[in-house]
Amino acid sequence: MNADEFLLNKIKTYQPVFWRNPNKEETTKALKHIPLGLMDIEDAEKRLQRFAPAIKELFPETNDGIIESSHTELKHAEELKGITLESFSGPVYAKLDNYLPISGSVKARGGIYEVLWFAEQVALQEGVITLDSDYRALLTPEARNVFSGYSLVVGSTGNLGLSIGIMGRAFGFNVEVHMSKEAAAWKKEKLRSLGARVVEHEGDYSSAVAQARQIASSNPKAHFVDDEESVILFLGYAVAGLRLAPQIRPLLDETGKNLKVYIPCGVGGAPGGIAFGLKATLGDRVEVYFAEPTHSPCMLLALATGKLSDISVSDVGLDGITVADGLAVGRASKLTTSWMMHLIDGVFTVPDEFMLDMVRWLWDKEGIKTEPSANAGLYGIVGDGVHMVWLTGGSMVPEEVFENYLSKSQKL
Ligand SMILES: Cc1ncc(COP(=O)(O)O)c(C=O)c1O
């Protein structure tokens with residue numbers, strides 16, 4: 001059995017694997033495969049700044065209208081040694097996107113950014129504002145009236161839908177969210193309570209996205225937020241890298257270590273955009289690894305086989321059933337797989353039990369509330385470095401659902 005067959009055999013039998021990307025290139029070279037640059041990320045940041053006064057009014061819990069999370073060192077990370085996939089040394093930090101204001105997940109970065117991008121397009125087109133206006137003008141009854149003539153349509157495993165729903169409804173857009181059968185019931189309920197239309201699909205995430213795309217295409221006043229192919233979403237996620245780089249660079253210089261970042265991956269947009277933002281700002285000083293459930297490793301299959309989005313987890317006999325609802329994606333994004341091919345350092349897979357155990361561990365030991373999808377990165381902390389595990393969601397999980405996660409964790 002050669003190495004590729006050995007890997008595939010482990011994947012097919014749901015065993016955790018750590019795959020190091022043999023196609024990774026030096027960062028400046030790898031970035032050339034992506035038709036975007038630092039200027040595009042900076043442009044996205046400027047757009048977010050323009051909106052800050054309006055966001056501050058709508059969501060006073062933000063930092064003056066800027067939606068950002070902090071990071072914190074995990075004080076008990078030593079306890080993870082022996083239960084993660086590889087050995088490691090060096091400090092372990094958590095990036096707290098589970099506490100991102102407004103919708104409590106990493107998907108807020110891209111999702112909210114795309115709603116703002118669309119609101120700006122519409123408002124400029126309809127003469128509500130100019131680029132120099134105070135964007136609080138977007139909150140007037142006249143502006144709301146304009147926005148109520150437009151729709152945002154999205155297909156989502158849950159957290160992207162929440163971001164689009166909360167921000168879209170705050171500006172007065174009609175919002176239609178197409179959810180897969182894996183999507184958590186509380187996320188659907190929350191969206192309905194905001195006045196969004198939730199369409200439930202019997203099929204999986206990919207078919208929900210496909211149907212949403214088709215429905216949106218027949219309505220000229222609808223904007224489809226394409227979780228699989230949107231460059232706008234991608235840039236919204238990438239802003240995270242632009243903001244984190246200056247905060248973390250002094251620590252890298254002081255320790256002489258590289259930053260190693262571990263991000264849960266579903267369709268690939270959120271981790272892909274963040275990886276791009278980090279690599280574009282920190283270059284070869286950052287390594288990025290994606291984490292996927294053993295039951296749904298679509299990005300791993302895409303990159304390890306070279307088939308990109310032409311392969312799905314069911315093609316190799318996997319069931320795609322996982323407690324990590326946000327990562328329950330059978331086929332990775334065409335856009336992201338091709339852009340990540342030479343950029344990221346590796347992908348590892350994570351058993352469901354580990355994610356459930358980490359919901360409890362993070363809560364008991366570090367006082368951090370996550371959902372299972374959010375903490376998958378902990379499993380792959382590897383080698384020496386300044387480690388940063390991206391915690392991607394969970395603060396909005398209702399108490400009874402969170403208790404249920406805790407009760408399923410046995411080992412810790
Ligand atoms: C909590 C959480 N983490 C990570 C992800 C992965 O993001 P993506 O699907 O863009 O890869 C998701 C996706 O919904 C999520 O909900």
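**Exercise 1. Find which cavity the ligand takes up.**

Step 1: The space taken by the ligand is the largest cavity. Here a cavity is a set of points, on a 1 Å grid over the protein atoms alone, where a 1.4 Å probe fits but cannot get out. A molecule sits in a cavity if more than half of its atoms lie within 2 Å of its grid points.

Step 2: A word on the source: this is a predicted model, where local features need pLDDT of at least 70 and side-chain atom pairs count only at pLDDT 80 or more, while totals for chains, interfaces and linings use all residues. Residues are numbered from 1 along each chain as its sequence is written, and side-chain values use heavy atoms, with hydrogens and water left out.

**Exercise 2. Work out which residues come nearest to the ligand.**

Step 1: Look at the 15 residues around the ligand (a heavy atom within 4 Å).

Step 2: Pick out Lys 107, Asn 159, Gly 266, Gly 268 and Thr 392, which come nearest.

**Exercise 3. Explain why the ligand lies between two domains.**

Step 1: Take the bounds, which come from an automatic or database domain assignment: domain 1 is 3-103 + 233-408 and domain 2 is 107-231.

Step 2: Both domains give residues to the shell, so the ligand lies between them.

**Exercise 4. Find the distance from a ligand oxygen to a polar backbone atom of Gly 266.**

Step 1: Recall that a polar contact is a pair of N or O atoms within 3.5 Å.

Step 2: For Gly 266, the distance is 2.7 Å.

Key:
A polar contact is a pair of N or O atoms within 3.5 Å; within protein, one must be able to donate a hydrogen and the other to accept it, and residues adjacent in sequence count only if both atoms are side-chain atoms. On a 1 Å grid over the protein atoms alone, a cavity is a set of points where a 1.4 Å probe fits but cannot get out, and a pocket is an open set with protein on both sides within 12 Å along at least five of seven lines; lining residues have an atom within 4 Å of a point.
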